Amino acid sequence: MELARRVGVYGVLRDSERILVVREGREPAVWSLPGGLVTHAEHPERAVVRAVSGQIGSTVAVGRLLAVVADVTTLAQEGVSLHTDRLLFEVTARNGTPGSTGGGEVETRWVTPEEAARLPLTPFSAELLGLPVTPLPAGTHRSTEPIPQTHPDRRLRFGAYGLVTDPAGRILLTQIADGYPGAGKWHLPGGGTDHGEQPTTGLLRELVEEGGQLGRVVELLGVDNLHNPAALGPEGRPLDWHGVRVIYRVLVDVPTDAVVTESAGGSTARAGWFTRAQAADLPLTGIAASAIGQRGR
């Protein structure tokens, strides 16, 4: 079975205690958070503005990132196992609060969380909202979001990275190995998630592989977007890379010497603990500089 991946973005639009949900088409009667898929090279924050505004007919502004989850759907007829990473943003309407509508291709409705829990809601919407996830009956809902088409020279990589600290306030950083984009720079621990893997699970796995540390995720910080149209890596030819990278704050309660294990896959040359003053003197990747509050070099 072919493995495919995509990234979806969704918005929580609030009116007092109510949230806005949408239904595309008249049948089947399945509701969802407004949103859609990220296109190649598109920043998730711009994508959610585009997708939500287009669905509800009202321009929105994006706020903070609230939650990230992943799910896998098996599309037997297409022979595809489809992994979707889904990001939930807080959004606000710029030109007035949209009302409930019941016509056209997209229907909108304001509901309380309790009312949302009683609706036939897409499982990912329920999970993102922290509501009980109730599987939909077989054949009830077919996603209108397209299956991504493979491209020989394009790559989508969804990754989870950590601003990893210990009780003394030191920061764990990893150095990118020769032969990889950014070689020699110091980077946040983390990396691409595996098919079927939740972002936090992938981050904690990478933390063990790249630094030999056991940590716990304490906060979701935000999302970073990387587009390199001519990235040269181990493939030996330039590739059009699009990386969507969520960033978490991670605490290592009992730090040990930083050790790169063989399972890191060769992209990490070494790892180390640094004070903020020491990190300021290192050549940092953009995402590391942003997370630490330093300028890249």
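A charge is said to sit over a ring if NZ of Lys or CZ of Arg is within 6 Å of the ring centre and within 35 degrees of the ring normal. In this predicted model, the charged end of Arg86 sits over the ring of Phe124, 3.9 Å from the ring centre. Arg245 likewise lies over the face of Tyr161, at 5.9 Å from the centre of that ring.

Phe124 also takes part in one of the two aromatic pairs that the structure holds. Its partner is Tyr10; the ring centres are 4.7 Å apart and the planes stand at 45°, so the pair is tilted. Because Tyr10 belongs to strand β1 (residues 2-15) and Phe124 to helix α3 (residues 123-128), the pair ties together parts that are 114 residues apart in sequence. Both Tyr10 and Phe124 are buried.

Trp186 and Phe274 form an edge-to-face pair, with 5.0 Å from centre to centre and 75° between the planes. Trp186 lies in strand β9 (residues 186-187) and Phe274 in strand β13 (residues 268-274), so this pair ties together parts 88 residues apart in sequence. Trp186 and Phe274 are both buried.

Attention now turns to the helices. Ile56 lies in helix α1 (residues 44-56) and is buried, with a relative accessible area of 12%. Beyond its neighbours within four places in sequence, Ile56 is in contact with Leu13, Leu20, Val22, Pro34, Pro98 and Thr108.

Helix α4 (residues 199-211) has 13 residues and reaches 18 Å from its first C-alpha to its last. Its buried residues include Leu203, Glu206 and Leu207. Gly212, with a positive phi near 65°, follows α4.

Note on methods: Residues are numbered from 1 along each chain as its sequence is written. This is a predicted model: local features need pLDDT of at least 70, side-chain atom pairs count only at pLDDT 80 or more; totals for chains, interfaces and linings use all residues. Side-chain values use heavy atoms; hydrogens and water are left out. Helices (H or I, at least four residues) and strands (E, at least two) are DSSP runs, numbered from the N terminus. The expected span of a helix is 1.5 Å times one less than its number of residues. Buried means under 20% relative accessible area, exposed over 50%, partly exposed in between (1.4 Å probe, protein chains only). Contact means heavy atoms within 4.5 Å. Rings of Phe, Tyr and Trp (its six-membered ring) pair if their centres lie within 6.5 Å; planes under 30 degrees apart count as stacked, over 60 as edge-to-face and the rest as tilted.
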